[in-house]
Amino acid sequence: MKDLVELFHGKVNLSKPDCKIYLFDGLKNEMVSNSRNSSWEGTKCLARAIAKGPKTSVYAPKTRICVTTTPLCPIAAFTMCNVAQLRPHFTVLDPFAGSCASLLAAAHIATYSSRTTAKSQGGTVSIEVAHNGLVNRDDIRKDFETRSLHPPLEIIHGDSMKYEFRQQARRAIGGGAFDCIVTDPPYGIREAFSGNSDGEEDDNSLPPLTQFIYAIGRDRSNGEPLLKEGGRLVAFIPVRKGETLEECLPELHALEQAGLVMECEGREQ
């Protein structure tokens, strides 16, 4: 180690270093057996940390106070927030919030981001149709508070297909549109719930996400946008065996009415 340490000289601030250097030792022979340079075997690897992700295990379903039957995986929740390019000052809506796993991730990013300042004025809002017997809203707030995170500005008990609850969500952030919408929409057995009640005929044959995007389009046509221009809607869409990604995506007509452009990438697991 002496030869390695001597490469670094000068004053060192161990309490608040500008750069952290990591030393990986104990590399096994099979890890470098395919290397073009056989002399790498048994050597050490010097690396610099350029990014650090959240410790998602503290948000795992088994750690939650609000327990539901189909919680969103915290890794998926953080991934969706990253795809949404969430910033600390953003306002975030989850229209199918469940136990608010996506908003916990959003609150974590807003709290621990290096870009967070005293002027950051973001906030989250949830809408969930299930009653308190299935999704306990008091327990949701405790999940935020016990992790020292700001709870949602409002946890709305209602159906996001209905105008009155979307309007309530807008009022929670001062009456404007949201910077982004991040959601894990219901699928499977939950797709049978009723559609919108905005004066149009319900179509329960459409997936909830498609129904919701049509609702966004109606609000947009009425001059009350739910999503800001340039904002992002990120949704978790599972593809079952025998289905294709294309047939699970929202209808093109719905996207056009809502002013949305599709950006997606399929991953087979």
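Colleague: In this predicted model, which residue in β5 does Glu 128 stand opposite?

Modeller: Glu 128 stands opposite His 157 in β5. As a general idea, the strands of a sheet pair through backbone hydrogen bonds, and the pairing may be parallel or antiparallel. Here β4, which covers residues 123-128, runs parallel to β5 and is joined to it by 4 bridges.

Colleague: In what order do the strands of the open sheet follow one another?

Modeller: The open sheet is made of 5 strands with parallel pairing, and reading across it gives β5-β4-β3-β6-β7. Because β5 (154-157) and β7 (227-235) each have a single partner strand, they stand at the edges, and one side of each is left without a neighbour in the sheet. From one strand to the next, the twist averages 15°.

Colleague: Which strands does helix α3 touch where it packs on the sheet, and which strands does helix α6 lie across?

Modeller: Helix α3, residues 74-83, touches β6 (178-183) and β7, and its direction makes about 155° with that of β7. Helix α6, residues 163-172, lies across β3 (91-94), β4, β5 and β6, and it runs at about 170° to β5.

Colleague: How many helices and strands are there in the protein chain, and what percentage of its residues count as buried?

Modeller: The protein chain has 9 helices and 7 strands, and 37% of its 269 residues count as buried. Among contacts with a separation of 6 or more, 70% involve residues 24 or more positions apart. The chain exposes about 16900 Å², of which carbon and sulfur atoms supply 51%.

Methods. Residues numbered from 1 in each chain as written. Predicted model: local features only at pLDDT ≥ 70, side-chain atom pairs only at ≥ 80, totals over all residues. Heavy atoms only, no water. Pairing = 2+ DSSP bridges. Helix = DSSP H or I, 4+ residues; strand = E, 2+ residues; numbered from the N terminus. Axes fitted to C-alpha atoms, helices over the stretch in contact; angles between N-to-C directions. Contact = heavy atoms within 4.5 Å. Buried < 20%, exposed > 50% of the residue type's maximum accessible area, 1.4 Å probe, protein only. Areas by Shrake-Rupley, 256 points an atom, 1.4 Å probe, with all protein chains shown as cover.
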